[in-house]
Amino acid sequence: MTAPERAAPPTAWLVEAFLEHLEWERNLSPATLAAYRREVLAFVAFAHEQLGHERPPQVGGAAVRAYLAELHARGLAPRSVARALASLRSYFRFLLGEAAVTLHPARAVPHPRDLERTPAIADRYAIEELLESFADTPAGRRDRAVVELLYAAGLRVGELVGLDLADIQLAQRSLRVRGKGRKERLVPCGNPAAAAIAAYLPDRAGWRRRAAADGAEPLFVNQRGGRLSDRSVRRLLDAAVRRGSELGRLHPHSLRHAFATHLLEAG
């Protein structure tokens, strides 16, 4: 928690609309929504009371940097400051999509440089920022579906690229996974992952038409229609992290750890 929760801000800041977006489109837990609320309300209060900003378009990169400096001066740990920035990036990305702002003031603000090492477990803010970073393009929809499924189902990358179309049951939000020793197990995947896969499937169908018939029907394919490789998964994950998340060097196995940890945190 970066600051005491303040009174509700003016409707121009669209905080409640942002939280509804996270709840209904990202299906976040009540605890995570409460954390986002605290982070964003604390920033809005700072922007209004300390900088005199009345509306989101008045906020620039300097305001975001001033807020992070304020958190640092109050003695917050670098990871907490980075989490606040991740929340603001998601918030301003939403405002940009709603045409409430024309620029994203938090996008170019660097994360704190004094994090000596990447945490072993990525926190939910960083995961959310990573998932929201994919473009709404055929490759972007596929890549988001890949990362959503790695995180939501706790898969190994080899298990993910080995999935066939017949292994996924979107209506039941489950998939059949072949693990080590070809042992099969049924794994739930949740609403966000199922929605991401459903959004990707029309793009997959288009790419598969380019591939020679081989009897296989892989779930995740490259733009030539062939099965996506584990190297490609690692490459797309590295590219997503470079777009500005606080995750540092993130490997697919890190998402498995995050999956297990966040399940435990949610009871």
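**Ground rules.** I am working with a predicted model, where local features need pLDDT of at least 70, side-chain atom pairs count only at pLDDT 80 or more, and totals for chains, interfaces and linings use all residues. Residues are numbered from 1 along each chain as its sequence is written, and side-chain values use heavy atoms, with hydrogens and water left out.

**Entry 1: the sheet.** I looked up the strands (DSSP runs of E, at least two residues, numbered from the N terminus; helices are runs of H or I, at least four). I found 3 strands in an open sheet, ordered β1-β2-β3, with antiparallel pairing. The edge strands are β1 and β3, as each pairs on one side only. Two strands pair if DSSP finds at least two bridges between them.

Strand β1 (residues 168-169) meets β2 over 2 bridges, and isoleucine 168 has leucine 175 of β2 as its bridge partner. These two strands make a hairpin with 4 residues between them, and arginine 173 in the turn has a positive phi of about 50°.

Is β2 buried or exposed? Strand β2 (residues 174-178) is mostly covered, with 4 of its 5 residues buried (under 20% relative accessible area; exposed is over 50%, partly exposed in between, with a 1.4 Å probe and protein chains only).

**Entry 2: α2 and α4.** I then checked helix α2 (residues 30-49) against helix α4 (residues 78-97): their axes lie 9 Å apart at an angle of about 85°. Axes are lines fitted to C-alpha atoms, for helices over the stretch in contact, and angles run from 0 to 180 degrees between N-to-C directions. The angle makes α2 roughly perpendicular to α4 (65 to 115 degrees; under 35 is roughly parallel, over 145 roughly antiparallel, the rest oblique). Among the residues in contact (heavy atoms within 4.5 Å) I noted Tyr36 and Phe43 of α2, and Leu88 and Tyr91 of α4.

**Entry 3: α6 and α8.** Last, I looked at helix α6 (residues 138-153) and helix α8 (residues 190-208), whose axes come within 8 Å and cross at roughly 140°. That makes α6 oblique to α8. The contact includes Ala145 and Leu149 of α6, and Ala196 and Trp207 of α8.
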